[in-house]
Amino acid sequence: MAGLTLLLGVLAICALGQTQTIEVRHGVVELTLEPQITGGFLLAMTEGNDRKVLGQIGRTQYSVYTSEEIEGGVLIRIGSANLTVRTLYDDVKDARGIKIKWDTKEQLRFEDCFDFGDKHWYGGPMQETQIYPIQDANHTYAAYVTREADNANIVERYWLNSAGEYIYVHPQVPLFVDYNQLNLNHICFGAQVAEPYSSKRNHTELSYDIWFLSDVKAAHKHAVANYLGKPSDLPDYRMIQHPIWSTWAQYSYDVSGQDVIDFAQEIRAYGFNDSQLEIDDLWETCYGSLEVDTNKFMNLTHLVEEVKALGFRVTIWLHPFINSNCEPWYSEALENGYLVLNEDGSPEATWWNTNGTSPGHIDFTNPQAANWWSKRVRNLLETYGLDSAKFDAGQSSYTPQIPVQNGDIDLHPHHIVQAFVRTCAEFGDMVEVRAGFMTQDLPIFVRMVDRDSIWGLNNGLPTLITTTLQMNLNGYPFVLPDMIGGNGFNLNHEQADVPSKELFIRWVQANTFLPVMQYSYVPWNFDNETVEISKKYTDLHAAYADEIYAAMGEAVEHGSPVNPPLWWIAPSDPEALVIWDEYLLGEEILVAPVLVEGGRSRNIYLPEGIWYEEGDINRSHVGPIWLRNHPAPLDYLPYFVKDHQSEPDSAMTLSFSFALIVLLLTVTFA
């Protein structure tokens, strides 16, 4: 770290009566903390004649304070709280940073707010209304934990903006977050010991790092290298190449063995391939028994053999709950301390399949409990020849509140999310989960929360794209989109219903260049045209499986997003910084699906470079360019392949790898 010149004195100033500024200099950069009558300090950075106000920190702190120089920064004592501010420098990446930490032994609430300014912001939580960029999103002050409400399955503590700046809040913080409510056009970070954070915590901390890099792409790569991490390996290739077929939307809770074999035979009869067929939901005698209901599945072993004989692999739906009417397993778990208890000693959890009972939640932070559950799961899979599992739930909000967990109390309630997901990951490379916290290193798919079968940004088709971008920018590039056409059963919106033909087709197309295609509603629910179009794009996805797998390999090697936003290849392009309804596969395929009902054309933005529509060298476009009202009839997905050797003013030379792609596209689709 470069040396610092600190212009500091020991101050004893009343914030209400004085305005003397505390300064920290690093080279030509000056960081200032300016006391505010409204509480805390205005945090500003000045370089030359350029002064930028970052935000107001300590908005709830009004006491007399003192300050003193410490190594690398300053320590400020304000009332019962300590504030340390240090400057950082990464000379390898030429990046400047600020490390801020509030700490107190008292029951205080800290609140630091940062100005969105005129920048575009990314990252943050998975939300039901998944706006991108996020500066215009709403997020009312609430605990920042994984929870069922607002689709908050991914809540990494990371925010990034178009100027190449990012904020990372440390995992031990009892964090609350607000957008635009406490302070207009600001993101506010709060910290307080309040539900669902443990009341047994002995201090309150708000600590985070802010980094400044040359552009948004450089900033994200720095965050991946220093905070988020990257996957350690690749998941199963066949899950990428061919669709998952789930019984859920077709058969719901009433699925039976006969339904499963009928479903498998229909898939083959219509000429579709598969990665696996998934038996979803109520196959067990009671929730948590892990015992097959023989009234619905008379001989599961034989059924699995039949389905495998058709060329399928077979997986099954699992969860971390045991309902209290599921005996003797519930009593065994409770008596042995295998269930999460709240601070009052109650094991009563919540989830969507309580069926009038008081469910329990396995305590995966207890190694004995996790091992008990894992052994029972493994026995189920091995007994019936099942290939793998779909692991559902995982959000910390499903456990009894306020939960008591093992491990560092300052990491609760997220510890159980990590412990559950890491337990699931032990079951191989065909695993899918639907929650995560600091589990970006795992080589498994993370599934989106159920989408509604609607067109809007309120959890409908467009959020397939915006949520994919959110997950990738939080370090989860192995995205498993929810079932094509949406859930159909999540009737939270007045317009929600089973998908229409048009919605279903547009969903197939939007999903084509994402890592996995998952069907549950099926094309033959509609008509022959739907079957033909769905088959065309399912086959196109398979033709590009190697490219998808290569992009996933880049995620393992370098931490790159598999499906990044357009600014990943054009970080200084103002148009690319705000495009939310297009996405990339790697760095050379751009996809612009139709996401509005009745749409038969759309505006498409192509960044700098030569782009071949559908990979056809005879239909080239030189970017940056807007293609206005570009035709997109119902059977057409606009996508473009970039000539990565050519610059816009050079010859349109086709690389060897691109020629291979063109060769793949000579397949005649049914």
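The model is predicted, so local features need pLDDT of at least 70 and side-chain atom pairs pLDDT 80 or more, while totals for chains, interfaces and linings use all residues. Residues are numbered from 1 along each chain as its sequence is written, and side-chain values use heavy atoms, without hydrogens and water.

Helices (H or I, at least four residues) and strands (E, at least two) are DSSP runs numbered from the N terminus. Helix α4 covers residues 257-269 and spans 18 Å from its first C-alpha to its last, close to the expected 18 Å; the expected span is 1.5 Å times one less than the number of residues.

Buried (under 20% relative accessible area, 1.4 Å probe, protein chains only) are G257, D259, V260, I261, F263, A264 and I267 of α4. Their cover includes the elements below, by contact (heavy atoms within 4.5 Å).

| Element | Residues |
|---|---|
| β19 | 244-246 |
| α3 | 248-251 |
| β20 | 276-279 |
| α5 | 300-309 |

G257, V260, I261 and A264 in α4 meet L303, E306 and V307 in α5. The angle between α4 and α5 is about 5 degrees, and their axes are 10 Å apart. This makes α4 roughly parallel to α5, a term for angles under 35 degrees.

Elsewhere, an open sheet of 5 strands runs in the order β31-β32-β35-β33-β34 with antiparallel pairing; strands pair if DSSP finds at least two bridges between them. β31 (583-585) and β34 (620-631) are at the edges with a single partner strand each, so one side of each has no neighbour in the sheet. β33 (residues 601-613) and β35 (residues 639-642) pair over 3 bridges, and W611 has K642 in β35 as its bridge partner.

Note on methods. Buried means under 20% relative accessible area, exposed over 50%, partly exposed in between (1.4 Å probe, protein chains only). Axes are lines fitted to C-alpha atoms, for helices over the stretch in contact, and angles run from 0 to 180 degrees between N-to-C directions. Angles under 35 degrees count as roughly parallel, over 145 as roughly antiparallel, 65 to 115 as roughly perpendicular and the rest as oblique.
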